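Me: I'd like to learn how to read a few features of a protein model. Could you walk me through some of them?

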Amino acid sequence: MLMRDMMTSDVPSLHLKDSLRQGVEFLRWTKLDALPVVDEAGLLIGIFTKANVLDAFLAGADTSEVIEGHFNTQVVTVGVDAPYQEVEQRAKQSSVGTGVVVDKEGKVLGIFTKVDMILALFKEAEKLATKLNTVYQAMPNGIIVVDRHNCIQRINPSGEKILKLKEPIQGLKLTNAFPGLDLRDVILKSQHLVGVQTEMNQVKVLCNISPIGDLAGAVIVFQALTDFDQVAMELDATKRLYETLLTVTNIAYEAIFVVDDQGKITLVNEAACQFFGKREKELLEQPVEQVMENTRLMRTLKTGMAETNEIQVINGRPYIVSRMPIVRQGKIIGAVGKIIFQKLEEVKDVAQRLAQMDHELNFYKKQVGSTRLPVTFNQIVTVSQDLRRLKNEAQIAARGNSTILLTGESGTGKELFAEAIHQASPYRNGPYVKVNCAAVPENLLESEFFGYAHGAFTGAQKGGKLGKFATANGGTLFLDEIGDMSLNLQSKLLRVLEDRSFEPIGSNEAVKVDIRIITATNKDLLQKVRSGEFRSDLYYRLNVISFRLIPIRDRTEDIIPLAHVFLERLNQDFDKQISGVTPEVQKTLVNHRWPGNVRELKNVIERAVNFASGELLELTDLPFYLREEKQEDAFPLKKEWNLESVHEHLDKETLEQALLKMNGNKSEVARLLGISRSWLYEKLRRYDISPR
């Protein structure tokens with residue numbers, strides 16, 4: 001592994017004439033602790049850190065003052081092709097938390113932090129663990145693992161075959177199972193025994209015996225008098241890797257701790273021990289909820305949602321806390337927590353200034369009627385490898401200004417992705433304007449998009465009206481349901497995309513705009529091009545960058561994390577304390593095909609919360625058609641069971657009771673039963689029920 005595989009790339013650089021305000025904004029945007037400073041030729045001349053910001057403001061500097069004179073010229077640099085071993089050694093020896101990655105000419109390529117080192121170590125550890133397990137299961141050598149009490153914990157398949165075992169030996173004392181093997185010196189004195197010849201279950205074997213950790217036990221690698229040094233080397237390499245991981249975490253400035261999928265602490269660094277005021281052995285294997293008050297790591301384990309640089313009050317004091325899930329093969333296997341607690345008072349002044357800026361931003365948002373928090377990529381919950389890769393690609397694409405096309409089934413989250421792209425783009429400080437092309441009447445489409453001048457037509461608003469393009473100037477225009485746009489408007493949209501200008505209705509003056517266009521559709525645009533319903537030139541202009549969002553049936557690992565996210569939000573709305581779902585509900589949710597995707601899942605959970613009376617969602621809380629699917633699983637019919645036949649079993653009595661309960665409100669009835677309004681009307685017609 002080289003530095004290029006571990007560093008954080010695409011990091012913005014600062015110049016001497018950039019203002020302190022620009023420096024603070026870049027630090028906040030990138031969420032990094034430091035940024036490189038370069039000269040006019042792009043060569044590294046120093047580093048600008050959060051400490052520099054604090055020193056500058058404490059010295060009375062104004063935000064408009066340039067950073068020249070407020071950065072460090074002494075900076076740790078690492079070559080982009082530096083090998084892992086060199087990076088590891090320099091990280092151990094350096095007290096600096098951030099280094100700059102440069103090429104041979106000294107041009108900046110990225111930033112490298114000790115957190116990057118830790119994540120790289122996790123990646124290497126996972127690869128090594130997978131390799132070791134494969135070796136353990138497939139190697140021809142026998143392996144026996146014993147604990148500190150000399151009890152047999154594990155034996156691999158090859159070991160059972162070599163010793164011709166007929167009964168399991170796990171849990172037995174090693175001396176009882178195989179008399180003559182004495183491991184007391186191995187465990188108590190951490191001795192390695194090589195080339196031990198003995199007899200095990202009347203089979204002559206050659207053994208290498210190694211201690212595990214500090215009095216943790218021993219491992220016996222054996223074979224019928226054949227060489228097995230390679231396995232011992234693998235085990236020793238695992239030990240060295242773990243010790244390296246501990247060393248790197250111990251030199252980190254922040255408190256770092258790792259929990260498994262049950263929320264038990266499996267690794268802590270020295271800073272974490274200092275923070276909690278306990279020794280390492282007092283923290284390991286302890287539930288994190290008992291060690292740390294108000295912890296949200298359990299939420300991260302349930303939802304897979306990362307949270308970075310959040311303010312959390314612990315023991316009456318505020319700290320900066322980050323949480324990150326550890327995902328392997330689409331499953332959450334643990335989480336990493338980080339607490340910045342040393343010298344926190346030094347950033348108080350900057351934090352207050354940033355808080356004031358946020359306060360002012362919220363005030364202006366309220367002034368224009370927007371009180372909802374913006375959607376970012378962190379809020380798009382997924383543990384699916386494919387969707388996580390899609391998120392990463394979308395974040396990269398967001399940095400430019402190219403047109404982006406989002407496709408996918410209804411309810412897959414195209415609107416969320418569009419807004420997240422806006423928030424991650426250079427246009428994020430501008431307006432974000434959404435238009436549903438299918439919802440605007442045909443005769444109003446042109447005026448809605450391009451606006452009109454004063455007196456453009458009879459009944460026109462006095463002084464004219466701004467269209468969506470003008471409103472979105474300097475920001476992002478999101479065109480949803482683009483596949484339903486008329487051919488006439490398609491040609492005008494193409495002209496705007498080419499010229500970046502348009503003429504309002506009734507005006508001869510062109511209006512220039514600087515906007516980012518994001519479009520979305522659940523239709524097959526290419527098929528509509530073939531049928532003449534969509535302009536081919538517009539299609540290729542919109543399809544510069546495209547992302548097809550994955551239906552939830554193809555990423556079932558996301559269903560339960562999403563359900564927990566919806567539960568958390570709905571608990572607040574309905575003032576309930578529902579902590580999860582029963583195993584039966586979980587199985588039902590995972591097995592359902594979800595034609596409505598995430599939108600359908602959200603509606604199902606909301607319906608269930610309305611009817612839930614306990615701490616867990618029960619099967620009886622789910623909509624009728626999901627429960628009916630469950631019954632069909634138990635009593636399968638001869639013909640194939642599909643969604644339409646499931647809905648067929650929505651009986652007349654259920655519909656009449658639902659109408660009575662909701663006082664004839666058909667929208668509420670559809671929500672209650674977890675079906676669409678169109679399907680509700682169809683059922684009412686079939687059962688000849690007159691809606692009130």
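Reply: Happy to! Keep in mind that this is a predicted model. Let's begin with Ser486, which sits in the loop between strand S19 (476-480) and helix H18 (487-499).

Me: Is Ser486 buried or exposed?

Reply: The general idea is to compare the relative accessible area with a cut-off: buried means under 20%. Ser486 has a relative accessible area of 15%, so this residue counts as buried.

Me: Which residues does Ser486 touch, leaving out those up to four places away in sequence?

Reply: With those sequence neighbours set aside, Ser486 is in contact with Glu442 and Leu445.

Me: Let's move on to sheets. How do I read one?

Reply: Strands of a sheet pair through backbone hydrogen bonds, and the pairing can be parallel or antiparallel. Here, five strands make up an open sheet with antiparallel pairing, in the order S13-S12-S16-S15-S14. At the edges are strand S13 (265-268) and strand S14 (307-314), each of which pairs on one side only. On average, neighbouring strands of this sheet are turned by 25 degrees against each other, direction ignored.

Me: How many bridges join S12 to S16, and how many join S15 to S16?

Reply: Strand S12 (residues 255-260) runs antiparallel to S16, and six bridges join them. Within that pairing, Val258 has Val336 as its bridge partner in S16. Strand S15 (residues 317-328) pairs with S16 over nine bridges, again in the antiparallel sense. There, Arg323 stands opposite Gly337 of S16.

Me: Can we finish with a helix? Which residues of H1 are buried?

Reply: In helix H1 (residues 20-30), the buried residues are Leu20, Gly23, Val24 and Leu27. To see how such residues are arranged, look down the helix axis. For H1 the buried residues fall within an arc of 95 degrees, so they line one face of the helix.

Me: What should I look at just after H1?

Reply: Check the backbone of Lys31, which follows directly after H1 and takes a positive phi of about 60 degrees.

Note on methods
Residues are numbered from 1 along each chain as its sequence is written. This is a predicted model: local features need pLDDT of at least 70, side-chain atom pairs count only at pLDDT 80 or more; totals for chains, interfaces and linings use all residues. Side-chain values use heavy atoms; hydrogens and water are left out. Two strands pair if DSSP finds at least two bridges between them. Helices (H or I, at least four residues) and strands (E, at least two) are DSSP runs, numbered from the N terminus. Axes are lines fitted to C-alpha atoms, for helices over the stretch in contact, and angles run from 0 to 180 degrees between N-to-C directions. Buried means under 20% relative accessible area, exposed over 50%, partly exposed in between (1.4 Å probe, protein chains only). Contact means heavy atoms within 4.5 Å. The arc is that of the directions from the helix axis to the C-beta atoms.
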